[in-house]
Amino acid sequence: MEMNEFKQVLKNNVSELIALQEQCQNTDVKCAQSILNTILWMKEINEDIEGGIIPSSYDNILINSFDILSPMMDVIRQNISNNAIENIANLDNFFLSQITANIDSYHFYKSLGFAQENTVVVGANGCGKTTLANTLQKSLNVKDGIVIPAQKLLIIPTFSSTPNYAATAERYNQYQREILDDKQTFNASKDDDLPWNVTKQYGSEFRYVLAALYSERMARRNKFCDAYERGERPSEQQLHSVLDRTAGIWNFLIEHRTLQCDDSNNLILTDDTVKEAYPAFQMSDGERIILYLALIPQYFFL
């Protein structure tokens with residue numbers, strides 16, 4: 001749904017819900033809190049849209065937060081057509097908790113200026129930063145934020161072939177939203193009692209990230225070549241992948257080494273003091289961390 005279409009749908013639904021609210025008042029039927037909360041929220045959003053305070057970067061989040069509106073409106077219309085307006089109050093059993101979460105999410109973003117820049121929470125160890133992040137992800141409708149635990153096993157893998165773009169993108173999107181509890185322990189008196197599943201999950205971090213980046217880079221280059229063969233003149237910007245931009249950031253921060261992709265689409269490094277290039281898995285711990293942090297998208301919750 002485009003933003004203009006969404007605004008029209010929003011306007012129509014507000015009118016319909018207000019009419020239903022008045023109908024409930026005239027028939028002494030208790031109007032569902034879901035309806036009342038939605039009316040107030042939609043009016044607020046409409047004012048914010050008219051006031052121009054909602055940036056285009058928030059459009060998709062805003063539209064997605066109203067996924068629940070369509071099924072709710074269907075239930076309302078069905079009850080009205082069946083002359084069962086007294087059942088409207090039962091909407092709260094199905095929709096109120098999600099609507100409340102979506103409203104909270106909107107106000108959370110709004111209080112941060114709709115997250116038009118990276119947001120960083122700083123605090124002492126044990127003050128509750130991780131708990132806050134996990135609570136926000138569970139309680140708010142935050143579809144464009146991820147929780148990255150402090151514990152990491154940044155093992156850089158190698159690939160014998162370029163992974164499939166659609167499959168790796170879907171797996172990465174699923175992985176980055178899985179909340180990993182990094183408050184783990186094990187019984188050290190037992191040699192084999194290690195948290196293998198958690199260790200494996202930590203160790204797979206770069207596997208999912210780089211698989212998605214390698215495949216996106218190759219898909220972008222294939223599209224560029226196809227366009228060129230059709231006689232089009234694609235811009236150089238269309239050729240630059242997320243991995244290319246990330247390597248550019250890394251190279252800017254670490255001046256004495258150069259990170260790039262070779263002909264096989266693998267990350268390699270060159271050094272002024274070393275004649276031959278060497279694979280990225282030989283990076284130092286600090287260099288791996290810089291690579292990982294450089295992958296964070298712009299305007300994102302971390």
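Leucine 253 is exposed in the predicted model, because its relative accessibility is 52% (buried means under 20% relative accessible area, exposed over 50%, and partly exposed in between, with a 1.4 Å probe and protein chains only). This leucine 253 belongs to helix 10, residues 242–253; helices (H or I, at least four residues) and strands (E, at least two) are DSSP runs numbered from the N terminus. Together with Ile249 and Phe252, Leu253 forms a nonpolar surface patch with about 340 Å² of accessible area. Patches consist of residues with over 30% relative accessible area and no salt bridge, like charges being joined within 9 Å and nonpolar side chains (Val, Leu, Ile, Met, Phe, Trp, Tyr) within 5 Å. Accessible areas come from the Shrake-Rupley method with a 1.4 Å probe, and for residues only the protein chains shown count as cover.

Residues are numbered from 1 along each chain as its sequence is written. As this is a predicted model, local features need pLDDT of at least 70 and side-chain atom pairs count only at pLDDT 80 or more, while totals for chains, interfaces and linings use all residues; side-chain values use heavy atoms, with hydrogens and water left out.

The chain contains 11 helices and three strands, arranged along the sequence as α-α-α-α-α-α-α-α-α-α-β-β-β-α. Of its 302 residues, 37% count as buried. The accessible surface of the chain is about 18,200 Å², and carbon and sulfur atoms account for 50% of it. Among contacts (heavy atoms within 4.5 Å) between residues at least 6 apart in sequence, 69% join residues at least 24 apart.

Helix 10 also packs against another helix. The axes of helix 9 (residues 205–229) and helix 10 come within 7 Å and cross at roughly 115°; axes are lines fitted to C-alpha atoms, for helices over the stretch in contact, and angles run from 0 to 180 degrees between N-to-C directions. Helix 9 contributes Leu213, Tyr214, Glu216, Arg217 and Arg221 to the contact, and helix 10 contributes Val242, Leu243 and Asp244. Four of these residues are nonpolar, none is polar and four are charged (Ala, Val, Leu, Ile, Met, Phe, Trp, Tyr, Cys and Pro count as nonpolar, Asp, Glu, Lys and Arg as charged, and the others, Gly among them, as polar).

A salt bridge with an N to O distance of 4.0 Å joins aspartate 244 and arginine 221. This pair links helix 10, which holds aspartate 244, to helix 9, which holds arginine 221, across 23 residues. Arginine 221 is partly exposed at 28% relative accessible area. In total the structure holds 10 salt bridges, each defined as a side-chain nitrogen of Lys or Arg within 4 Å of a carboxyl oxygen of Asp or Glu.

Another salt bridge pairs glutamate 16 with arginine 77, with the closest N and O atoms 2.9 Å apart. Glutamate 16 is in helix 1 (residues 3–26) and arginine 77 in helix 4 (residues 69–81), so the pair ties together parts 61 residues apart in sequence. Both are partly exposed, glutamate 16 at 29% and arginine 77 at 37% relative accessibility. Glu16, Asp74 and Arg77 are linked in a salt-bridge network. Asparagine 13, also in helix 1, is buried at 8% relative accessible area. Leaving out residues up to four places away in sequence, asparagine 13 touches Met42, Leu69, Met73 and Arg77.

Arginine 257 and glutamate 287 form a salt bridge at 2.8 Å, N to O. Arginine 257 lies in strand 1 (residues 257–261) and glutamate 287 in helix 11 (residues 285–294), 30 residues apart. Arginine 257 is partly exposed at 21% relative accessibility, whereas glutamate 287 is buried at 7%.
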